[in-house]
Amino acid sequence: MDHIFIINPSAGKGKQAETIAPMAQALAQRHGLSVACHRTTSAQHTTELVRQIASLGRPVRFYACGGDGTLHYVVQGAVGFENAEVTCIPAGTGNDFLRNFGADSAKFADPENLWDGDSMELDLIECNGRYGLSIACFGVDARIGRDVHQFSKYPFMSGIGGYVMSALYHGVRPIGRQWQLVVDGVITQGAFAVVSVCNGRYYGGGFNPMPMAQLDDGKLNAIVVEGIGTYRFLRLFPKYKEGRLEDIADYVTLYQPRVLELRSQQPNVTVCLDGESVESTMAVVRLAKEKLRFFAPKGANPNATVAVTQDAKAYS
Ligand SMILES: Nc1ncnc2c1ncn2[C@@H]1O[C@H](COP(=O)(O)OP(=O)(O)OP(=O)(O)O)[C@@H](O)[C@H]1O
């Protein structure tokens, strides 16, 4: 088994990434493992390198060292290779994906807990030809996520501060967008504030809008918030963040879609997958046929924080 550490030197503020290579070398010496570290230069480089190594066919464990974006690009390269497994060592700003593991998320920081950890198969979102592990979102939340780095790049600004500034910036602008929403063939035309499709439960620095979403149940959970004004948005925002769906029921519709599509006349759909954004006129989201082979500290559960707050009647 090869152990390949993919290090994104630009994740977080770059400081944690510096500690990865010494940890990996120590791991190799302690256990006599085949270990290599690669500092990648771009997202594309990350995906291509992972794909190249996986295609050698040797059993390999990839350690995505960075934030959710780094994990996202490692996943793009590893999906489809039976010999490849993926994990994440947190060195990013939010590292929302690891929150799914609850208290065990802290164990991911030390590769000593990972190299012989448990394997598991996780569901994946497929969206416009990309794979997502956690959440695909398209509304004001996507625009907030897209612009976080504009605010958090300043040395005096924390990662969370960047999210708050971006939320305030977008909260005072028109929130609803005119789209056509198609859920399993049923068309709705209107203004939408948020359309989020969840496989996992966390994004945006701790937002947990669908606390019942499970990473390995073969289902996607979607939440659609109608176009609302600034005042209502600011009032609902904390409830949406905490997944208090009963408190925002008048403004949201829940689905468990096989296929969800958004269409627009203009390129005003921000397609944000695991925090990585592109602008488009449309989005097509479904559960991917492929699964992700993930590995985690022994005993860690990707559904550790699932809360069953809704019954099936909540879904359209
Ligand atoms: N070598 C690289 N590998 C992967 N991504 C890279 C690389 N270099 C630059 N990037 C870009 O770096 C950005 C930030 O990376 P990442 O998302 O991992 O860290 P973060 O934003 O600090 O953490 P989080 O997303 O968990 O808040 C990504 O959006 C990605 O496009």
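What radius of gyration would a compact globule of 316 residues have, and what does the protein chain have? I looked this up before anything else. A compact globule with 316 residues would be near 20 Å, and the protein chain has 19 Å, which agrees. The radius is taken over C-alpha atoms, and the globule rule is 2.2 Å times the number of residues to the power 0.38.

**Ground rules**

I am working on a predicted model, where local features need pLDDT of at least 70, side-chain atom pairs count only at pLDDT 80 or more, and totals for chains, interfaces and linings use all residues. Residues are numbered from 1 along each chain as its sequence is written.

**Overall build**

I noted 6 helices and 17 strands in the protein chain. These are DSSP runs numbered from the N terminus: helices are H or I with at least four residues, strands are E with at least two. Along its principal axes, the C-alpha trace spans about 60 × 40 × 35 Å.

I then checked burial. Of the 316 residues, 46% are buried. A buried residue has 20 or more other C-beta atoms within 10 Å of its own, an exposed one has 12 or fewer, and a partly exposed one falls in between; C-beta atoms are placed from the backbone.

Next came contacts. Two residues are in contact if their C-beta atoms, placed from the backbone, lie within 7 Å. Among contacts with a separation of 6 or more, 74% join residues 24 or more positions apart.

**Ligand shell**

Which residues are closest to the ligand? I found Thr 40, Gly 67, Gly 69, Gly 92 and Gly 94, out of 22 surrounding residues. Helix H2 (43-54) and helix H3 (68-78) are the elements giving two or more residues to this shell. H3 has the largest share, with 4 residues.

I sorted the shell by class: 3 nonpolar, 17 polar and 2 charged residues. Here Ala, Val, Leu, Ile, Met, Phe, Trp, Tyr, Cys and Pro count as nonpolar, Asp, Glu, Lys and Arg as charged, and the others, Gly among them, as polar.

**Helix H3**

I stayed with H3. Why is H3 largely enclosed by the rest of the structure? Because 11 of its 11 residues are buried. Among them are Asp 68, His 72, Tyr 73 and Gln 76. Just after H3, Gly 80 takes a positive phi of about 95°.

**Core**

I looked up the largest nonpolar core and found 88 residues. Such a core is a set of buried Ala, Val, Leu, Ile, Met, Phe, Trp, Tyr and Cys residues joined through C-beta atoms within 7 Å. Those with the most contacts inside it are Ile 6, Phe 62, Cys 65, Val 74 and Ala 78. Strand S10 (residues 186-198) gives the most to this core, with 6 residues. At least three core residues come from each of domain 1 and domain 2.

I followed Ala 78 further. Leaving out residues up to four places away in sequence, Ala 78 touches Val 50, Ala 54, Phe 62, Ala 84 and Val 86.

**Two domains**

I recorded domain 1 as 2-123 + 292-296 and domain 2 as 132-288 + 305-314. These bounds come from an automatic or database domain assignment. Their C-alpha centres lie 26 Å apart. How many residues of domain 1 are in contact with domain 2? I count 17, against 20 residues of domain 2. On the domain 1 side, H3 and strand S5 (118-122) each supply at least two residues. H3 gives the most, with 5 residues. That side divides into 6 nonpolar, 6 polar and 5 charged residues.

**Single residues**

Phe 295 sits in strand S17 (residues 292-296). With 19 C-beta neighbours inside 10 Å, Phe 295 counts as partly exposed. Beyond four places in sequence, Phe 295 touches residues including Arg 61, Glu 85, Leu 114 and Asp 118. Phe 295 and Gly 227 are 68 residues apart in sequence and 40 Å apart in space, C-alpha to C-alpha.

I also checked two non-glycine residues with positive phi. Asn 128 has phi near 50° and lies in the loop between strand S6 (125-127) and strand S7 (130-132). Asp 274 has phi near 55° and lies in the loop between strand S14 (269-273) and strand S15 (276-280). Is each buried or partly exposed? Asn 128 has 14 C-beta neighbours inside 10 Å and counts as partly exposed. Asp 274 has 30 and counts as buried.

Conventions:
Near = placed C-beta within 6 Å.
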